[in-house]
Amino acid sequence: MLFRSEEIGRANAAMNVLGGWGEPSDLGALLAVVGPERTRLQALRQAARLAGRQDPGAKRTALLARVARRAEELLDDLDLRTREGAIAVLVDVGDDRSVAVLERYRRVETALDLRQSAADAITAIRGRGTPEATSNEIEARLEALDRKSTRLNSSHLVISYAVFC
């Protein structure tokens, strides 16, 4: 979406509605917003809000990752405020891939405040635990591990001993 200046107020209101009450299918519209720096950042913040409102699980993790990828792209923007906003969003939605992107960004960024913000974001992302899995996801993981363990133990006794020691 591309907005003219007279439409920006309506666009911000629409983005607020999507962030607060939108469906996961609305995420693409928020991530596709182009326009002035403030409009792009508003869309990114609302996309993070929409993704964060979803129930914990794989779907939420995938939505947050989409927002993180968009925020990572904005780290290359020429506008300083856009880069600052992208870092702020990554504090909330960043993942392991974001840490690597922020590490590279921190090495090349010339603005000292942004380098420190990137370092702080890395610390915040690493300090966040992995999202809690639902009971179905935990059961599926345990079942897969049990099958793998049984397979190793039954056909590769020596290897399984070496792997588990």
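The protein chain of this predicted model comprises 9 helices and 0 strands, where helices (H or I, at least four residues) and strands (E, at least two) are DSSP runs numbered from the N terminus. Because the model is predicted, local features need pLDDT of at least 70 and side-chain atom pairs count only at pLDDT 80 or more, while totals for chains, interfaces and linings use all residues. Residues are numbered from 1 along each chain as its sequence is written, and side-chain values use heavy atoms, with hydrogens and water left out.

Of the 165 residues in the protein chain, 38% are buried; buried means under 20% relative accessible area, exposed over 50%, and partly exposed in between (1.4 Å probe, protein chains only). The chain exposes about 10400 Å², of which carbon and sulfur atoms supply 55%; accessible areas come from the Shrake-Rupley method with a 1.4 Å probe, and for residues only the protein chains shown count as cover. Among contacts (heavy atoms within 4.5 Å) between residues at least 6 apart in sequence, 61% join residues at least 24 apart.

The 17 residues of helix 4 (residues 58-74) should span 24 Å at 1.5 Å a residue, and the end C-alpha atoms are 25 Å apart, which agrees. The expected span is 1.5 Å times one less than the number of residues. Buried residues of helix 4 include Leu63, Leu64, Val67 and Arg70, and the buried set packs against helix 2 (27-31), helix 3 (37-52), helix 5 (80-93) and helix 6 (96-108).

Helix 6, with 13 residues, reaches 19 Å from its first C-alpha to its last, close to the expected 18 Å. Its buried residues are Ser98, Val99, Val101, Leu102, Glu103 and Tyr105, and they pack against helix 4, helix 5 and helix 7 (112-127).

**Salt bridges**

A salt bridge is a side-chain nitrogen of Lys or Arg within 4 Å of a carboxyl oxygen of Asp or Glu; by this rule the count comes to 7. Three of the pairs are tabulated below.

| Pair | Closest N to O |
|---|---|
| Asp77 and Arg40 | 2.6 Å |
| Arg70 and Glu73 | 3.0 Å |

Asp77, in the loop between helix 4 and helix 5, and Arg40, in helix 3, are 37 residues apart and link distant parts of the chain; both are buried. Arg70 and Glu73 lie 3 residues apart in helix 4, about one turn of the helix. Arg70 is buried at 18% relative accessible area, whereas Glu73 is partly exposed at 49%. In helix 6, Glu103 and Arg106 are likewise separated by about one helical turn; Glu103 counts as buried at 16%, and Arg106 is partly exposed at 31%. Salt bridges that share partners also join Arg69, Glu72 and Asp95 into one network.
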